[in-house]
Amino acid sequence: MSGHPDKKRVLIVGGGTAGWMTAAGLASLLGDHLDITLIESEAIGIVGVGEATLPHIRHFNRTIGIDEMDLMAATSATVKLGIEFCDWARLDDRYIHPFGDYGVPSDGTPFHHFWRRAIDDAGPIGHYSLPVVMSYAGKFSPPSEDPRSLLSSYRWAYQFDATAYAPYLRRLAEARGVRRIEGRITGSKRDENGDIASVTLENGESHAADLFIDCSGFRGLLIEGALATGYEDWTRWLPCDRAVAAPCEHAGELLPFTRATARGAGWQWRIPLQHRTGNGYVYSSAHTDDQDAEDQLVQSLEGRPLADPRVLRFTTGKRRKLWNRNVVAIGLSGGFLEPLESTSIYLIQQGITYLIELLTAGPAPEPVKDEYNRMMDLEFERIRDFLILHYHATEREDTAFWNDMRNLRIPHSLEEKMALFRARGRVQTYDYGLFLEASWVAVYLGQRVVPSAYDLRADEVSEEELLGRLSSMKAMMATATKRMPSHADWIASNCPAGARSAA
Ligand SMILES: Cc1cc2nc3c(=O)[nH]c(=O)nc-3n(C[C@H](O)[C@H](O)[C@H](O)COP(=O)(O)OP(=O)(O)OC[C@H]3O[C@@H](n4cnc5c(N)ncnc54)[C@H](O)[C@@H]3O)c2cc1C
């Protein structure tokens, strides 16, 4: 591979969301130090799902200088204020895990303790979350930057066309010096230390580099195919291992949230985009078969199908090392936690962020790789526990799948967290990793894990005052929401599909 002699040569293998996010991120932030090449094969293509995101992606896009409204128009994006979970703890239950806080904390006492004290009169905790109220009203307006304002209590993400994000990033990355090579990689060569020296293409070309970033998807071409790094299989905790996906035409209002409806052997997603609705049934092949899953999905579509159903297979878990020798696995090649909380693109982003924080000019010393692997392990394990909570904390007894999930032997780390919340309403906090207190509270309470005791400081107001505060909070949220435009109007005024020029 030719290139700048003073720069570290980085070769990205794969051009899906992971490959082009990595290329765009590295070129934008370390472009002066790196000579970046990306090899992808149009014949192989990309996985083409991954439509729901988390608010963190907005920070990534801002950091690399993307005009957000332009991106949203180019990817037919809508706003996501959270995920609605239907039928999870019991049939007919529903709650939203919002991107935002509940109520207002009082002298350091989290709001949910006050709510717990008033549990018989307060109604669902979602009544005290502005993004939940906005979601059910179908409204949206960007949050305020004034931390004193109620309007600063939420964040948002997008639901977008997964096949349009990577091409958008490609234009940006190529404009910042990333070289793209089209071709199928058929082999790799190792150097005398066992590191990867080069990859070989079908046409015989060979491309050498100092650092390889494996973004080849589930194949894990280098991290597994060449280095046999090994995989930690978490199917025993998260048994869903397949998904059948099918987009359909819109029906009804353009909702600003993703819906996850529990089904007999898993759950179904509904993701509204501007031009269509994305749907998929994520299921456990030990509990149902492909045909049954496809039938259930197709029968439940709310509009005319726009493509044939497509089955995807996966094994929930992660590589034993995400950075092994001179290969870093980012994206599906590094592992996959099923899409219940839309965490995959977030994990790509964290992989890029830690890589940028740890890259050295020469070969990476072992402690640097160890630290990368430690940080990524924390990210994966914390998300894993949060996902298991949704399945395990259920009262459903109607199918073998839900009985198995209810009786599951969960990881000790989650057992401890749940016991603490049940005993005292306390969320075990951590510095690194996704999902902070409000997220855990949303899912605990939504799944009917209710604390038996609350913070004693919640008793410091009289009952009358507490009920008065709760009712004025609800009124404030209703008034704020009423003033906002509908989600559909906001999209139409700011980022209608195709209205802006692509990057
Ligand atoms: C059912 C399902 C639903 C999902 N939903 C969400 C969601 O809502 N939110 C979310 O954040 N994530 C979601 N994800 C995950 C998300 O789709 C991925 O994280 C994201 O698309 C990144 O994929 P990737 O780039 O790692 O792999 P891919 O898209 O598979 O890209 C792999 C790349 O490697 C190239 N390649 C492979 N082999 C070779 C070779 N031999 N030679 C040359 N090139 C090669 C391919 O051509 C391609 O460019 C979902 C995943 C699944 C399976």
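This is a predicted model: local features need pLDDT of at least 70, side-chain atom pairs count only at pLDDT 80 or more; totals for chains, interfaces and linings use all residues.
1. Strands 15 and 16 make a hairpin, with four residues between them.

2. Burial of strand 16. The strand covers residues 277-283, and seven of its seven residues are buried. Thr277, Asn279, Tyr281 and Tyr283 point one way. Gly278, Gly280 and Val282 point the other way. In a regular strand, side chains alternate between the two faces of the sheet.

3. Helix 14. This helix spans residues 437-446 and is mostly covered, with nine of its 10 residues buried. The buried residues are Ala438, Ser439, Trp440, Val441, Ala442, Val443, Tyr444, Leu445 and Gly446. What do they pack against? Their partners are strand 5 (94-98), helix 4 (111-117), helix 11 (366-392) and helix 13 (412-424). In an α-helix, residues three or four places apart point the same way, because there are 3.6 residues a turn.

4. Arg448. Helix 14 is followed by Arg448. Its phi is positive, about 65°, although Arg448 is not a glycine. Arg448 lies in the loop between helix 14 and helix 15 (463-482). Is Arg448 buried or partly exposed? It is partly exposed, because its relative accessibility is 35% and the buried class stops under 20%.

5. Ser76. This is another non-glycine residue with a positive phi, about 50°. Ser76 is in the loop between helix 3 (68-74) and strand 3 (78-80). With a relative accessible area of 10%, Ser76 is buried. Arg448, by contrast, counts as partly exposed.

6. Cysteines. How many disulfides does the structure hold? The count is zero. A disulfide would be a covalent bond between the sulfur atoms of two cysteines. Cys215 is buried, at 6% relative accessible area. Cys495 is buried too, at 0%. Both values fall under the 20% cut-off, so both residues take the buried label.

7. Overall dimensions. The chain has 503 residues and a radius of gyration of 23 Å. A compact globule with that number of residues would come near 23 Å, so the chain agrees with the globule rule. The C-alpha trace spans about 75 × 50 × 50 Å along its principal axes.

8. Fold content and contacts. The chain comes to 16 helices and 21 strands. Take the contacts between residues at least 6 apart in sequence: 77% of them join residues at least 24 apart.

9. Surface. Of the 503 residues, 57% count as buried. The chain exposes about 20,500 Å², and carbon and sulfur atoms supply 48% of that area.

Technical notes. Residues are numbered from 1 along each chain as its sequence is written. Side-chain values use heavy atoms; hydrogens and water are left out. Buried means under 20% relative accessible area, exposed over 50%, partly exposed in between (1.4 Å probe, protein chains only). Helices (H or I, at least four residues) and strands (E, at least two) are DSSP runs, numbered from the N terminus. Two strands pair if DSSP finds at least two bridges between them. A disulfide is a pair of cysteine sulfur atoms within 2.5 Å. The radius of gyration is taken over C-alpha atoms; the globule rule is 2.2 Å times the number of residues to the power 0.38. Contact means heavy atoms within 4.5 Å. Accessible areas come from the Shrake-Rupley method with a 1.4 Å probe; for residues, only the protein chains shown count as cover.
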